[in-house]
Amino acid sequence: MGQTLLQIEDLHTQFFTSRGVVRAVDGVSLHIDAGETLGVVGESGCGKTITALSVLRLVPEPGKITSGRILFRGRDVTKMEDEEIRDFRGSDVAMIFQDPMTSLNPVTKVGFQIEEAMTAHNRFSASLAKTRVVELLKRVRVPAAETRVKDYPHQFSGGMRQRAMIAMGLANEPSLLIADEPTTALDVTVQAQIIQLMKQLNRELGTAMMLITHNMALVASLCQRVVVMYAGRIVEEGPVEQIFRSPQHPYTWSLLRSVPRVDEARKDRLVSIRGLPPDLTNPPPGCKFHPRCPFVVDRCRVEEPSLGEVALNQVARCWVLMRNVKEEDVAAAKASALSIEAAQKLKADAEAAAAEVDSVAGS
Amino acid sequence: MATAIGLAGQVDWDVPEQTGLWKDAWVRFRRNRLAVAGLVVIVLMIVLALGARLPTAPGGLWRILHLTNEPFLQDVTNSYATPSLQHPLGTDILGRDQLSRILYGASISLTIGIVVQFLILGIGGSIGMAAGYFGGWIDNLLMRFTDIMYAFPDLLLVLVFVAAFGPSFWSIFIALGLVYWVGLARLVRGQVLSIKEKEYVEAAIMTGTSPLKLIVKHLVPNSLGPVIVTLTFGIPAAIFTEAALSFLGIGIRPPEPSWGVMIEDGYAGIFADPRQVIFPGIAVALTMLSFTFVGDGLRDALDPRMRR
Amino acid sequence: MSVTAGAPFRRGAPSFLSWIPTGRGTTLTIYIVKRLLWMIPVLFFVIVITFVLMHLAPGSPWDREGRQLSPQVVENLNIKYGLDKPLWQQFVIYVWGVIHFDFGDSLRQPGQHVSDLILVSWPYTFTLGAVTFILLVPIGIGLGVIAALRQNSLVDYTALGLATAAASTPNFVVGIFLIIIFALGMNKLTGGTFYFPTGGMPSPFNPFQVELIMPVITLGALPTAYIARLTRSSTLDTLRQDFVRTAWAKGLKARLVVVRHVLKNSLIPVVTALGPTFAFLITGSFITETLFSIPGIGRTFVSSIAARDYTVILGTTILFALLIALVNLVVDVLYVFIDPRVRLTE
């Protein structure tokens with residue numbers, strides 16, 4: 001492992017709404033090494049996006065980083081002056097957003113939007129920036145890059161726009177690229193292309209990547225390490241292979257069960273996580289996952305576990321741990337799982353509810 | 001939104017309390033202090049305007065209270081009187097009591113402003129429904145006609161209508177209805193079109209069921225909010241138009257004390273006594289402002305997408 | 001033919017004009033030609049509606065307050081101005097005249113051509129309207145942008161409060177209050193040495209005369225408030241867009257984020273509002289010119305309505321309708337250049 005690039009220590013980001021304080025990020029600590037790819041997973045509304053936005057100090061009103069440190073190469077982002085944070089954004093850490101359809105300015109040429117990412121910082125001269133735009137678009141495999149720089153976003157397809165967003169993110173050769181659900185808004189074949197592209201770029205350029213997603217399959221194909229978040233907290237963290245092989249937190253287990261796997265005969269029904277993520281203005285006592293946990297014990301309802309080492313490099317926040325759950329209980333949990341249709345409906349409901357929380361938080 | 005999950009397989013939801021749309025809207029409306037203030041002013045004004053017309057005699061309530069005279073009673077010996085207990089807002093050039101004239105004028109302005117909205121709803125609603133429902137040439141005709149209507153500024157067209165019907169309360173009333181229905185018709189048309197595209201309506205059409213009932217059933221709850229908001233914003237516009245017409249000498253004619261008439265009269269004698277225009281001017285502005293606040297409040301309360 | 005994307009007020013030419021061929025590059029020209037052609041039926045129906053309404057009206061141009069003209073005189077006048085002919089004949093004659101730019105003679109001002117009356121009064125209205133428009137657009141946009149960027153600050157509340165008050169105070173009330181304060185009040189206060197003049201507009205072409213100050217405020221208050229409110233809400237909407245977050249994430253300077261990304265988008269709907277604003281300036285001129293005794297077209301129109309001067313009413317109405325149609329066309333064409341997403345499509 002290389003040197004530590006980003007170190008988040010006990011980060012708290014809260015939204016002060018009329019309904020109360022939403023603890024969107026509640027004591028998150030994580031780190032990313034240079035060149036490493038870290039996955040941050042969880043359902044919508046679990047705080048992963050807000051964690052990422054906190055790193056760039058772009059948390060929307062009425063949100064605020066209330067405590068904690070975000071150290072980038074030893075500099076604390078939370079204490080930077082206005083000009084310092086401006087120059088930090090996009091040059092040291094760049095971010096790619098979820099929806100390429102809305103993340104580009106519709107009335108400005110794509111090429112210029114990439115170019116201005118460079119002219120905002122002093123790394124490239126104005127004339128070099130111009131030629132680099134074409135290079136960057138070529139690098140992200142936009143065909144006919146020379147002519148497409150003069151196009152407007154609406155003349156690009158969704159996949160091409162996301163490529164342009166990635167090109168913009170790479171423009172200043174940042175040491176960390178944060179990608180927030182970079183493929184969610186794209187259709188499946190395009191998703192695969194974008195994943196392929198990001199993999200290649202990570203290999204070629206050595207850019208560290210923080211991938212935010214709810215999609216475990218994406219993590220498996222792109223990341224070395226994974227952080228699982230639930231209700232603003234980290235519930236499990238470890239190397240991807242290890243977590244996939246033996247998840248210890250029931251939430252991680254449930255997330256993994258909800259991914260259809262091609263290599264596995266469909267003898268099990270897909271497990272969907274029942275219920276909705278908790279209301280972050282008024283989270284449940286004890287373990288925040290206990291109302292939805294199939295393996296809940298009495299202690300979970302009253303006392304919140306801390307992150308404890310469960311294996312080499314792997315930590316989990318659970319009183320039970322999957323390795324202690326009896327076979328028949330696991331089988332029962334699987335058997336009681338909902339049909340895919342019901343599961344999908346529940347998931348849609350949960351996402352709608354989370355989106356509502358987001359919109360309240362964002363307003 | 002807290003969720004409780006029962007034992008394996010059994011899902012228990014704390015279903016959020018079903019606060020109805022209207023109750024919800026009322027809660028949101030009440031949170032808007034300006035809107036509530038506007039509503040209070042309007043209600044007060046309606047009560048006073050009714051009082052001015054009741055019981056039977058103009059200026060009735062106030063005469064009974066021995067506060068003011070009738071709005072038409074002249075007393076030339078007492079012209080341009082300064083405010084007193086007998087004449088709280090003074091008198092005009094003919095010695096007529098200003099307060100009772102303003103209250104009488106309120107009844108004219110409020111009647112025109114509010115009642116005309118029903119006429120607009122009738123005309124605009126039915127034309128919009130017809131255009132949206134039948135589509136085709138009827139719809140095309142409506143849209144072309146709207147083009148022509150948009151070529152006239154509102155006030156110009158009302159002026160021409162009123163000129164054609166002769167200056168009176170009723171001609172203003174009808175002219176307003178004939179001019180301001182266009183926006184509402186377009187709104188209703190759009191709503192009908194979007195409901196028509198819904199799958200259940202398409203399915204009903206395919207199975208031979210008359211879709212009209214279905215559309216009406218879905219149209220009313222869907223478009224009630226925007227329609228109410230549009231009509232509410234129409235009230236200050238109508239009040240303004242009446243006052244402007246009367247001010248220009250083309251609307252309601254003296255001695256009927258419409259606010260516009262009072263402002264016109266007062267403007268003629270502005271060098272003698274500016275109060276003659278100040279009080280009716282404030283009355284018009286305050287009424288329009290109150291309706292605008294209520295309209296803003298209703299819009300935010302009824303249309304969650306516009307909320308903020 | 002219609003214009004697509006995010007333009008709620010947009011109206012295209014009707015489908016019966018769609019036989020006109022289109023080609024790449026000439027689309028805009030053809031669009032403009034189609035819209036100009038579509039103005040012909042619109043103006044025709046404007047004439048029809050106004051003409052019919054005017055002739056429905058009770059009373060006639062020969063009504064006089066006090067002593068009425070004798071029936072013989074009225075009959076002679078009717079014959080002289082062709083009012084004795086059947087309505088449809090009068091209409092055909094009128095339209096025939098309009099096609100030849102002949103708008104007839106004024107019925108109340110003997111020997112005056114309608115076109116001459118318009119030419120004489122037009123400069124007053126134009127100067128007043130142009131000065132107001134040139135001031136109101138930047139002031140309205142400026143207030144709206146500042147209010148939006150400082151949302152929920154004192155500046156925002158002040159601007160919004162002023163705009164709301166101005167948007168719901170009738171312009172004649174604004175004008176009268178200005179007169180009371182700045183003419184009557186200042187006259188009294190300074191003992192008659194300094195006050196704003198209320199009457200007239202001595203020179204029709206001079207945009208810098210002191211007599212214009214109060215009329216311009218009277219005419220401009222409401223549309224300024226309208227533009228300010230629209231700009232504010234549109235800017236607030238844009239500030240919440242994803243691409244603005246992208247711009248911040250790039251590390252752009254705040255000024256560039258606002259100018260290049262926020263304003264470039266948020267001012268697009270404001271352009272659409274210029275059409276209604278222009279229409280408002282026309283109706284506003286009726287009141288403002290009457291209030292300040294400015295002999296412009298607005299006052300000519302109002303007094304001709306009161307006097308049932310049919311030909312003058314028709315002439316000015318046609319002029320207003322034509323101006324509004326042209327302004328709407330200019331706004332729609334402008335839109336194509338401002339918003340790259342807008343395509344003129346069949």
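# Checking the labels

User: Buried residues account for 46% of the 308 residues in chain B. What makes a residue buried?

Analyst: A residue is buried if 20 or more other C-beta atoms, placed from the backbone, lie within 10 Å of its own; 12 or fewer means exposed, and anything in between is partly exposed. By that rule, the buried share is 46% in chain B and 40% of the 346 residues in chain C. One caveat: this is a predicted model, where local features need pLDDT of at least 70 and side-chain atom pairs count only at pLDDT 80 or more, while totals for chains, interfaces and linings use all residues. As for labels, residues are numbered from 1 along each chain as its sequence is written, and chains are lettered from A and ligands numbered from 1 in the order in which they are written.

User: Why is C:Arg308 called buried?

Analyst: C:Arg308 has 20 C-beta neighbours inside 10 Å, so it counts as buried. Its place is the loop between helix H12 (297–307) and helix H13 (310–338) of chain C. C:Arg308 also has a positive phi of about 55°, although it is not a glycine.

User: And why is A:Leu321 counted as partly exposed?

Analyst: Because A:Leu321 has 17 C-beta neighbours inside 10 Å, it falls in the partly exposed class. A:Leu321 has a positive phi too, about 65°, again without being a glycine. You'll find A:Leu321 in the loop between strand E12 (314–316) and helix H12 (327–335) of chain A.

User: How do you know which elements chain B has?

Analyst: Helices (H or I, at least four residues) and strands (E, at least two) are DSSP runs, numbered from the N terminus. On that basis chain B has 11 helices and 2 strands, and its sequence order reads β-β-α-α-α-α-α-α-α-α-α-α-α.

User: Why is H4(B) oblique to H7(B)?

Analyst: The axes of helix H4 (residues 98–134) and helix H7 (residues 169–196) of chain B come within 5 Å and cross at roughly 40°. Axes here are lines fitted to C-alpha atoms, for helices over the stretch in contact, with angles from 0 to 180 degrees between N-to-C directions. Under 35 degrees is roughly parallel, over 145 roughly antiparallel, 65 to 115 roughly perpendicular and the rest oblique. So H4(B) comes out oblique to H7(B).

User: What makes two residues count as being in contact, as between chain B and chain C?

Analyst: Their C-beta atoms, placed from the backbone, must lie within 7 Å. With that cut-off, 36 residues of chain B are in contact with 38 residues of chain C. Helices H5 (136–151), H6 (154–165), H9 (211–247), H10 (259–268) and H11 (275–302) of chain B each supply at least two residues of the side that touches chain C.

User: How do you know strand E1 pairs with strand E4 in chain A?

Analyst: Pairing takes at least two DSSP bridges between two strands. Strand E1 (residues 4–17) and strand E4 (residues 63–72) of chain A are joined by 8 bridges and run antiparallel. In E4(A), A:Ile70 is the bridge partner of A:Ile8. The open antiparallel sheet has 4 strands in the order E2-E1-E4-E5. Strands E2 (20–33) and E5 (75–76) of chain A are its edges, since each pairs on one side only.
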